[in-house]
Amino acid sequence: MALNNEHAKGSLDIAIVGGGLVGSVEALYLAKRGHNVRIYEYREDIRKTPQVRGRSINLALSVRGRRALKDVGLEQHIIEEHGIPMKGRRIHRLDGSTYVIPYDARNNQCIYSVGRNYLNASLLKESDNYENVTKYFNHKLIEANLQKGTLTFLKTDTKENVDVKADLIIGADGAFSAVRKSMMKQPLFDYTQKYIEHGYLELCIPADEQGSFQMPANYLHIWPRGNFMMIALPNQDCSWTVTLFMPFTSFKSIDTEDKLLAFFEKYFPDSIALIGRKKLIEDFFGGSPSPLVFVKCRPYHVEDKALLIGDAAHAVVPFYGQGMNAGFEDCTILDHLFQKYNDDLAKILLEFSDTRWIDTFEICDLALYNYIEMRDLVTRPSYRIRKALDDL
Ligand code: FAD
């Protein structure tokens with residue numbers, strides 16, 4: 001078992017667990033500051049594997065996330081060459097008619113639909129340009145001693161264990177973080193995890209026969225139906241990722257093709273022709289609804305040795321479109337702290353931990369509220385919104 005702790009003088013040796021969206025952005029920030037960064041990622045290199053169905057394939061990128069992409073030199077590329085602007089919500093009524101609620105009628109600001117894999121692959125590709133970033137794929141964290149700065153990975157291809165040591169361990173390993181699991185042994189570590197009673201299933205509206213969008217492209221489309229909803233975000237190939245959010249009990253009750261078609265005819269009639277009956281049946285019964293979880297925890301750090309960022313620190317439900325964006329913002333804030341405290345890890349980690357939770361707890365609550373807003377309140381006149389909130 002090799003102990004890997006080589007680094008250039010003056011720079012810190014930093015191990016990032018998780019090479020997803022947030023871990024890859026953090027690696028770029030740290031590499032730009034001259035530190036030696038090793039990314040350990042459970043999966044294979046995403047650039048070499050086909051898209052996995054079931055995980056949201058596109059995401060709404062907002063100003064928080066754009067700021068981080070700008071800092072690491074990728075904003076222009078992602079926005080101009082890849083992102084699809086979404087200027088507002090396009091609401092689908094039951095009769096199939098639609099209307100638009102702009103996000104920013106005054107200044108025309110918008111959010112962007114970006115492909116998860118494309119974004120992740122672009123970030124990893126950018127890190128290829130830095131000699132001080134090394135990536136280890138197929139490495140699953142199985143054990144950590146955060147005080148000592150040691151990690152043990154299982155190499156999933158060869159089944160060997162690899163021990164490594166670092167000055168700083170950053171847990172960017174998502175909502176079910178193994179780094180966080182290790183942190184939970186610390187005294188005074190607070191942790192809340194909750195699954196909501198609703199799940200989600202992804203469907204797809206394909207491009208039309210000419211290869212064009214079947215609906216107006218520059219919107220986030222919503223079919224609000226009170227206790228549940230469907231949304232659609234545009235993809236670069238002119239298809240739409242459609243996500244149906246509803247209680248697990250409702251998913252369970254739709255157990256035959258006839259029930260599915262009757263349900264869609266009742267609640268989303270205009271979407272049937274867009275998705276196609278056959279594809280609707282195949283995609284609905286070909287997948288199973290995924291759960292939605294949120295996590296609040298604190299503190300985010302252990303001494304000057306370990307830190308949680310992204311979903312590992314604060315997983316939120318997706319209704320506010322801010323999970324990735326808030327994770328990217330973690331990286332921007334950390335970068336400021338590295339500057340402010342001149343790489344003094346004890347001060348950086350303490351300030352991040354002491355201050356960041358206030359906003360992330362709030363984003364978590366706003367995301368839960370926004371489900372009610374999107375699926376229901378968005379269709380109501382404002383005086384009824386007050387009543388609906390009072391009734392909650
Ligand atoms: P992840 O993306 O989960 O990445 C974690 C990485 O760590 C993965 O690559 C994983 O393989 C790796 N890993 C896990 N365990 C280990 C281990 N033991 N060892 C090594 N590596 C490990 N956010 C938005 O901002 N806008 C949106 O529109 C949006 N839409 C969403 C829609 C849905 C349906 C869902 C579920 C989420 C959505 N989100 C959105 C949230 C967003 O997906 C997450 O906030 C974001 O992916 C968090 O990034 P991360 O890098 O922290 O975690």
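User: Which exposed residues sit on the face of H2 turned away from its buried side?
Analyst: In this predicted model, that face of H2 carries Val63 and Lys70, both exposed.

User: And which residues of H2 are buried?
Analyst: Helix H2 covers residues 63-71, and its buried residues are Gly65, Ala68 and Leu69. Looking down the axis of H2, these buried residues fall within an arc of 100 degrees, so they line one face of the helix.

User: Why would residues three or four places apart point the same way?
Analyst: Because an α-helix has 3.6 residues a turn.

User: What do the buried residues of H2 pack against?
Analyst: Their packing partners are helix H1 (21-32), strand S4 (58-61), helix H3 (75-81), helix H4 (116-127) and helix H11 (323-340).

User: Back inside the helix. Is Arg67 buried or partly exposed, and why?
Analyst: Arg67, which is in helix H2, counts as partly exposed because its relative accessibility is 39%.

User: What is Arg67 in contact with, leaving aside neighbours within four places in sequence?
Analyst: With those neighbours set aside, Arg67 contacts Tyr29, Thr332 and His336. There is also a C-alpha separation of 9.3 Å between Arg67 and Asn325, and those two are 258 residues apart along the chain.

User: Switching to charges. How many salt bridges are in the whole structure?
Analyst: A search of the whole structure gives 20 salt bridges. One of the pairs is Glu329 with Arg64, where the closest N and O atoms are 3.0 Å apart. That pair links distant parts of the chain, with Glu329 in helix H11 and Arg64 in helix H2, 265 residues apart.

User: What is the relative accessible area of Arg64?
Analyst: The figure for Arg64 is 27%, so Arg64 is partly exposed.

User: What about Arg277, which residue does it form a salt bridge with?
Analyst: Arg277 forms one with Glu265, and the closest N and O atoms are 3.0 Å apart. Arg277 belongs to helix H9 (residues 277-286) and Glu265 to helix H7 (residues 257-267), so the pair ties together parts that are 12 residues apart in sequence. Arg277 is partly exposed with a relative accessible area of 45%, and Glu265 is partly exposed as well, at 40% relative accessibility.

User: And which side chain meets Lys340 in a salt bridge?
Analyst: The side chain of Glu351 does, at 3.1 Å from N to O. Glu351 is in helix H12 and Lys340 in helix H11, 11 residues apart. Glu351 is partly exposed, with a relative accessible area of 23%, whereas Lys340 is exposed, at 51%.

User: Which residues do salt bridges that share partners join into one network?
Analyst: Arg64, Glu329, Asp330, Arg356 and Asp359.

User: New topic, domains. Which residues does the domain assignment give to each?
Analyst: Domain 1 is made up of 3-86 + 109-193 + 294-375, and domain 2 of 195-291, according to the domain assignment. Their C-alpha centres lie 30 Å apart.

User: How many residues are in contact between domain 1 and domain 2?
Analyst: On the domain 1 side 26 residues are in contact with 29 residues of domain 2. The area buried between the two domains is about 2100 Å², and carbon and sulfur atoms give 58% of it.

User: Which elements of domain 1 give two or more residues to the side that touches domain 2?
Analyst: Those are S4, strand S5 (84-86), strand S8 (111-115) and helix H12 (345-375).

User: What is the count of salt bridges between the domains, and of residue pairs in polar contact?
Analyst: The salt bridge count between domain 1 and domain 2 is zero. For polar contact, the count is 12 residue pairs.

User: Where is Asp208?
Analyst: Asp208 is in the loop between strand S14 (190-205) and strand S15 (220-224). At 25% relative accessibility, Asp208 counts as partly exposed.

User: Which backbone nitrogen lies 2.9 Å from a polar atom of the Asp208 side chain?
Analyst: That of Gln210. Not counting residues up to four places away in sequence, Asp208 touches Phe213 and Gln214.

User: Last one: is Thr243 buried or exposed?
Analyst: Thr243, in strand S17 (residues 240-247), counts as buried, at 8% relative accessibility. Residues up to four places away in sequence aside, Thr243 touches Tyr200, Leu201, Glu202, Met229, Met230 and Ile231.

Definitions and conventions: Residues numbered from 1 in each chain as written. Predicted model: local features only at pLDDT ≥ 70, side-chain atom pairs only at ≥ 80, totals over all residues. Heavy atoms only, no water. Buried < 20%, exposed > 50% of the residue type's maximum accessible area, 1.4 Å probe, protein only. Helix = DSSP H or I, 4+ residues; strand = E, 2+ residues; numbered from the N terminus. Arc of directions from axis to C-beta. Contact = heavy atoms within 4.5 Å. Domains from an automatic or database assignment. Buried area = accessible area lost by both parts, 1.4 Å probe. Salt bridge = Lys/Arg side-chain N within 4 Å of Asp/Glu carboxyl O. Polar contact = N/O pair within 3.5 Å; in protein donor to acceptor, adjacent residues only side chain to side chain.
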